[in-house]
Amino acid sequence: MHSLSGEIQGFSKSRLRKQCSRVTTVTGRKLLERSTDGSTQVEELEDANGCGFVEDKSLDLQVGVVRPFLLLASQDVAHDMDILQRYQVSHVLNVAYGVANLFPHQLLYKTVQILDLPDTEITSYLKECGAFIDQARAQDGVVLVHCNAGVSRSAAIVTAYLMRSEGLAFDEAYRQVKLARPSSRPNPGFQHQLQNFKP
């Protein structure tokens, strides 16, 4: 019978298989990286006419007006005071992970850090988020709900809010959210949870 400590003591680096990785750089260059004896050799491959990654640096400043008091957008809007003032935003519900609230002296914030993963239980956050939206509405305010891209988490929260506050079925609530912000697309796990959500 082999023991783990025996295997570890008998281990030799020379038994490791040599590894190589194909890398495509941002500019589209194709490289082959080989690791041997703790050093890495990089070789450029001939087929270098592939596409690189295109970094999208454009801001997403589209604001979805779901209701007069309820807006949906990306973090770019949440970080643009001119747009926030134009839409008379008084409250910001930040459901992103690691996105700062830039205007704490001018706006009322609530941060609920939600991971955009299909197995995240989005329904466990609905009561807390809905209460903040209700608070903004009761104070005659306008609440902006955002995550990073304004596509999955925030769209799911707003869809659920319409289901709960207006008694809409998922399909109708989601249709109205997409009408306001066409890029809205909660991840499949969130959609499945909301389809089964009984407010």
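Y97 is found in the loop between β6 (91-94) and β7 (108-111); helices (H or I, at least four residues) and strands (E, at least two) are DSSP runs, numbered from the N terminus. This is a predicted model, in which local features need pLDDT of at least 70 and side-chain atom pairs count only at pLDDT 80 or more, while totals for chains, interfaces and linings use all residues. Residues are numbered from 1 along each chain as its sequence is written, and side-chain values use heavy atoms, with hydrogens and water left out.

Y97 counts as partly exposed because its relative accessibility is 47% (buried means under 20%, exposed over 50%, partly exposed in between; 1.4 Å probe, protein chains only).

The sheet is open and mixed, with five strands in the order β4-β5-β8-β6-β7 (two strands pair if DSSP finds at least two bridges between them). β4 (64-67) and β7 stand at the edges with a single partner strand each, so one side of each has no neighbour in the sheet. On average, neighbouring strands are turned by 20° against each other, direction ignored. β4 and β5 (residues 70-73) run antiparallel and are joined by three bridges; R67 stands opposite L70 in β5.

Two helices lie across strands of this sheet, where contact means heavy atoms within 4.5 Å. Axes are lines fitted to C-alpha atoms, for helices over the stretch in contact, and angles run from 0 to 180 degrees between N-to-C directions.

| Helix | Lies across | Angle |
|---|---|---|
| α5 (residues 153-166) | β4, β5, β6 and β8 (143-146) | about 160° to β5 |
| α6 (residues 170-180) | β4 and β5 | about 145° to β4 |
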